[in-house]
Amino acid sequence: MIEFTDVVKSYPEGNDALRGVSMQIEDGEFCYLVGPSGSGKSTIIKLITGEIKPTAGAVHVNGYSLERIRKKEIPYLRRTVGVVFQDFRLITNMTVYENVAFAMRVVGAREKEIKDRVPYVLDLVGLAEKHQRHPGELSGGEQQRLAIARALVNNPSTIIADEPTGNLDPAMSLEIMSLLEEINNLGTTLLVVTHAKDLVERFHKRTIVINDGLIVSDGMDGYYGYENQ
Amino acid sequence: MGITVMRINNINYLLKEGFRGIFLHGFMSFAAVCVTVACLLIVGSFSILMYNVNIMVEDLNQTNEILAYVDSELSEAEAKSIGTKINMIDNVLQSDFISREEALEDFIADHQEDEAFSGVEASDLRHRFVVVLEDNSKIKETTAQIEDLPGVVKTHAEYELAEGFSTLQQILHMVSYAIIAVLLVVSLLIISNTVKLAMYDRRDEIAIMKMVGATNGFIRLPFVVEGFTLGMIGAALAFGIEWIMYDALVNKIGSVDTLQLFDFVPFQQLLWPMVAVFVCAGLFVGVVGSWTSIRKFMDV
């Protein structure tokens, strides 16, 4: 579960990225986070992954209190939160299989667990056949699916996708969103940060709209809920 | 949750990753090894040179002796017995008795073309001891102790020469320590920067490791294994090159007549201290270099 209570985040340069945000995302929920550039979306992601601490208020993520988390605990928090980025962030000199296995190895998984889990996850994202390819040999959509597989492989309870379709054409974007929905159906909490209005409207889910550091809309009526205000 | 105990499986992985990194980042590894070799060669060559110069100065210094003249009233046997007392003095390395007859032979040999000394007889001279010291910086004290012995009437020593050698040795020590220290610091800085470049090359990999929840120790260890291995490869190469170069230099000097004065210690005699110095330096620069350089990339 992700819970923000009156969260304020001010950066040393003086700008207030968040000015009192409260929200709660339950386990197993699928939720969009939308808003214009500079509205505070990235700050919310950084707070959830423990990259930054709130200036005021409380942030709870999967049992961790982020406002007073110790540095040593952050890796363990991150194992409960898989992150997918717009630019994929794959290791280009590793194969598809190795990219996913790498994420398991660096958290200390046993070789047998890796051998069991990686093919399963690659199959789930539809890349089992291409496990020996390198990222450079894959299409944009396939690279994003690989990034999703990597985020998924350590079985996190939450996945945060930051503009997952930002670099993809509409057909591929649709494919990725369908995959994320499928993952959500398997029980993983999904928080998708996006600008893609059409996808938000197409996949009818809870949508949190943030603007100028404040939540301006939170409901099932998507982007239009904000724009029609 | 909590701290996971590192399993054998993980250690295998960390070691494997460390070695894999060396080949995966071939150019940077090559650069790091080259820099290590160059730095260790400079430090090693300078240390070895200083060691040899020091030994040469010490050898030259050993040729500086004290002459202790024995009372002319004493018989040869009585005079010889003083040798035991001289040898009992702490700083005395050895003392050789020279009878007045032997002294005359030497005197004649030295002055055979000088007619003024032609009438000199053995009875005109005294029995004497040639005393070699362990530490020539204490030549004054030791000379005084010898002079105090009953039966010794006079001593002769070249104080200025002995003190000059001692000062020269002290200066050499200071200069060599200072230069070696500076060279080591410079080497560490260069190597640390090379490792930093290698880390920069892999910042994305480190960022991904952080993102998926790898602990700092887990991220750091393969780099340290890599640094250690590169440091050891650098040390081994530098050691081999140093050995070959040194042997070649010593042989070359040995074959030139005018350079016979320089007596270099054979490398075999320096083998173990050099192994120790190179291994320690390689380890130090490899492990410390990678450990400190990675800190910069850990705050993701």
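Predicted model: local features only at pLDDT ≥ 70, side-chain atom pairs only at ≥ 80, totals over all residues.
1. Two residues are in contact if their C-beta atoms, placed from the backbone, lie within 7 Å. That rule applies to the contacts of A:Leu122.

2. The largest nonpolar core has 79 residues. Within this core, the residues with the most contacts are A:Val100, A:Val118, A:Leu122 and A:Ala149. Helix H3 of chain A gives the largest share of the core, seven residues. There is also a second, separate core, of 16 residues. B:Met28, B:Val37, B:Leu230 and B:Met274 are included in the second core.

3. Chain A has eight helices and 10 strands. Of its 229 residues, 46% are buried. Take the contacts in chain A with a separation of 6 or more: residues 24 or more positions apart account for 64% of them.

4. Chain B comes to nine helices and four strands. Along the sequence, the order in chain B is α-α-β-α-β-α-β-α-β-α-α-α-α. Buried residues are 28% of the 300 residues in chain B. Among chain B contacts between residues at least 6 apart in sequence, 85% join residues at least 24 apart.

5. How do H3(A) and H4(A) meet? H3(A) covers residues 96–105 and H4(A) covers residues 111–124. Their axes come within 10 Å and cross at roughly 130 degrees. That angle makes H3(A) oblique to H4(A). The crossing of H3(A) and H4(A) is right-handed.

6. Which residues make the contact of H3(A) with H4(A)? From H3(A) come A:Val96, A:Tyr97, A:Val100, A:Ala101, A:Met104 and A:Arg105. From H4(A) come A:Glu113, A:Ile114, A:Arg117, A:Val118, A:Val121 and A:Leu122. By class, this contact has nine nonpolar, no polar and three charged residues. Two of these residues, A:Val118 and A:Leu122, are also among those with the most contacts inside the largest nonpolar core.

7. H3(A) has another partner, helix H5 of chain A, residues 140–152. Here the axes are 8 Å apart and the packing angle is about 30 degrees. Angles under 35 degrees count as roughly parallel, and H3(A) and H5(A) are therefore roughly parallel to each other. The crossing of H3(A) and H5(A) is right-handed.

8. On the H3(A) side, the residues that meet H5(A) are A:Val96, A:Asn99, A:Val100 and A:Ala103. On the H5(A) side they are A:Leu146, A:Ala149 and A:Arg150. The classes here are five nonpolar, one polar and one charged.

9. Where do the chains touch? In total, 16 residues of chain A are in contact with 17 residues of chain B. On the chain A side, helix H2 (74–78) and H3 are the elements that give two or more residues. H2(A) supplies the largest share of that side, three residues. The chain A residues that touch chain B divide into seven nonpolar, three polar and six charged.

10. Is A:Gly213 buried or exposed? A:Gly213 counts as buried, with 21 C-beta neighbours inside 10 Å. The cut-off for buried is 20 or more. A:Gly213 sits in the loop between strand S9 (206–211) and strand S10 (214–219) of chain A. The C-alpha atoms of A:Gly213 and A:Val21 are separated by 7.4 Å, although these residues are 192 residues apart along the chain. Beyond neighbours within four places in sequence, A:Gly213 is in contact with A:Asp16, A:Ala17, A:Leu18, A:Arg19 and A:Gly40.

11. A:Val192 lies in strand S8 (residues 189–194) of chain A. A:Val192 is buried, with 28 other C-beta atoms within 10 Å. The C-alpha atoms of A:Val192 and A:Asp162 are separated by 6.2 Å, and the two residues are 30 residues apart along the chain. Not counting residues up to four places away in sequence, A:Val192 touches A:Tyr32, A:Ala161, A:Pro164 and A:Leu180.

Notes: Residues numbered from 1 in each chain as written. Chains lettered and ligands numbered in written order. Axes fitted to C-alpha atoms, helices over the stretch in contact; angles between N-to-C directions. Parallel < 35°, antiparallel > 145°, perpendicular 65-115°, else oblique. Left-handed = near helix turned anticlockwise from the far one by under 90°. Nonpolar A, V, L, I, M, F, W, Y, C, P; charged D, E, K, R; others polar. Core = buried A, V, L, I, M, F, W, Y, C linked by C-beta atoms within 7 Å. Buried ≥ 20, exposed ≤ 12 C-beta atoms within 10 Å, placed from the backbone.
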